[in-house]
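Trainee: I would like a close look at a single part of this model, with the terms spelled out as we go.

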Amino acid sequence: MMITIRIILEAVTFACLACLSIHDIRCHKVTNRSLWCMTPLAAGSIALNLMEKSWYCLPDVLLGGGIGFGVMLVVSLLTHNGIGGGDIKLAGLLGLVCGSRGILLLLLAASFLGSVYGLIRTGKRKDGEIRLPFVPFMTAGFLFSAI
């Protein structure tokens, strides 16, 4: 029963991420309003983890949220706001869903895919400056970490 609930929760999370990805590609913005759909999913994931594994999984889940938020915030500060605030908050929420190992895998996959895509796009442009929506890469990273 719990496995079915987890699969449904991950499928709904993916569907929300797909919608956020489309919005990010079109508008280059992740609004706070659009992130509200992820909050109940993060809460549901935490509750499911508590039911499956008891209370000792709570530090890992909270660490995952901190890692997701913290890593993206540090990258944003180092790149002088090269990453938007919506991406930072989304990574924190995904950290709550995935846990510490899952968010590290997600961010690693997203960074790799984003870098490859950015290199390809930069090679096609003459001025070399591009803006990449990062949510689609986090969505791909979520799929990679959920498998």
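Trainee: Does Trp-55 count as buried or exposed, and at what relative accessibility?

Mentor: This is a predicted model, in which local features need pLDDT of at least 70 and side-chain atom pairs count only at pLDDT 80 or more, while totals for chains, interfaces and linings use all residues. Residues are numbered from 1 along each chain as its sequence is written, and side-chain values use heavy atoms, with hydrogens and water left out. The mean pLDDT (the predictor's confidence in each residue, from 0 to 100) is 91 for the chain, and 97% of its residues reach 70 or more. Trp-55 lies in the loop between H3 and H4, these being helices, that is, DSSP runs of H or I with at least four residues, numbered from the N terminus. Trp-55 counts as exposed because its relative accessibility is 64%, where exposed means over 50% relative accessible area, buried under 20% and partly exposed in between, with a 1.4 Å probe and protein chains only. Within helix H3 lies Asn-49, which is buried, with a relative accessible area of 6%. Leaving aside neighbours within four places in sequence, Asn-49 is in contact (heavy atoms within 4.5 Å) with Arg-6, Ser-54, Cys-57 and Val-61. Cys-57 is likewise buried, at 8% relative accessible area, and its sulfur is 14 Å from the closest cysteine sulfur, in Cys-98, too far for a bond.

Methods: Helices (H or I, at least four residues) and strands (E, at least two) are DSSP runs, numbered from the N terminus. A disulfide is a pair of cysteine sulfur atoms within 2.5 Å.
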